[in-house]
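Hi,

Here is the structure I said I'd pass on.

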Amino acid sequence: MSDYSVHYSDTAFWKKIRHYAVIANPELIEKALILYYCLIDPSTANWAKAMIAIALGYFILPFDGVPDFLGIPGYVDDLAFILSIFSAVIGQIRPEHQARAQEQVREWLER
C-alpha cells in the first residue's frame with residue numbers, strides 16, 4: 001500500500017470535503033468524516049490513525065487511481081479505498097464519531 005498519508009493535512013481535508021460535500025457521494029463524505037473524527041480522537045490507537053491518514057491522504061489527492069475531475073467515476077476509487085480502511089479500523093470507530101459526521105453531513109445538505 002502506498003503511503004498517501006504524506007498528502008494528508010487538516011486544511012487540505014476540510015477544503016476538499018467542503019467543496020465536494022454536495023456533489024460527491026454522501027456515503028463517501030460521511031465515511032471520510034467518520035474517519036477524520038476517529039483520527040483526531042486521542043483514544044484511537046496509533047496503528048488505526050496511521051491507516052486513516054493514508055485513506056484521507058488518498059481522498060485528498062486529486063490525481064489518484066481515478067482522477068477526481070472525472071466526476072462520479074473519480075469518486076468510486078476514493079469510496080472503495082475509504083471503505084476498505086473503514087472496515088479495517090471499525091473497532092476504533094465510536095458512536096460519537098458517527099454522530100458528529102452525520103450531523104456535519106446533514107448541516108451541509110440543508111444549505
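**What I found**

Among contacts in the chain (heavy atoms within 4.5 Å) between residues at least 6 apart in sequence, 69% link residues at least 24 apart.

Before the rest: this is a predicted model, where local features need pLDDT of at least 70 and side-chain atom pairs count only at pLDDT 80 or more, while totals for chains, interfaces and linings use all residues. Residues are numbered from 1 along each chain as its sequence is written, and side-chain values use heavy atoms, with hydrogens and water left out.

The chain has 5 helices and 0 strands (DSSP runs numbered from the N terminus: H or I, at least four residues, for helices; E, at least two, for strands). Of its 111 residues, 47% are buried (under 20% relative accessible area, 1.4 Å probe, protein chains only).

Helix α2 (residues 26–40) packs on helix α3 (residues 46–60) at an angle of about 140°, and their axes are 10 Å apart. The axes are lines fitted to C-alpha atoms over the stretch in contact, with angles running from 0 to 180 degrees between N-to-C directions. Angles under 35 degrees count as roughly parallel, over 145 as roughly antiparallel, 65 to 115 as roughly perpendicular and the rest as oblique, so α2 and α3 are oblique to each other.

Which residues meet? From α2 and α3 respectively, L28, I29, A32, L35, Y36, C38 and L39 meet K49, I52, A53, A55, L56 and F59.

Cheers

How values were computed: Buried means under 20% relative accessible area, exposed over 50%, partly exposed in between (1.4 Å probe, protein chains only).
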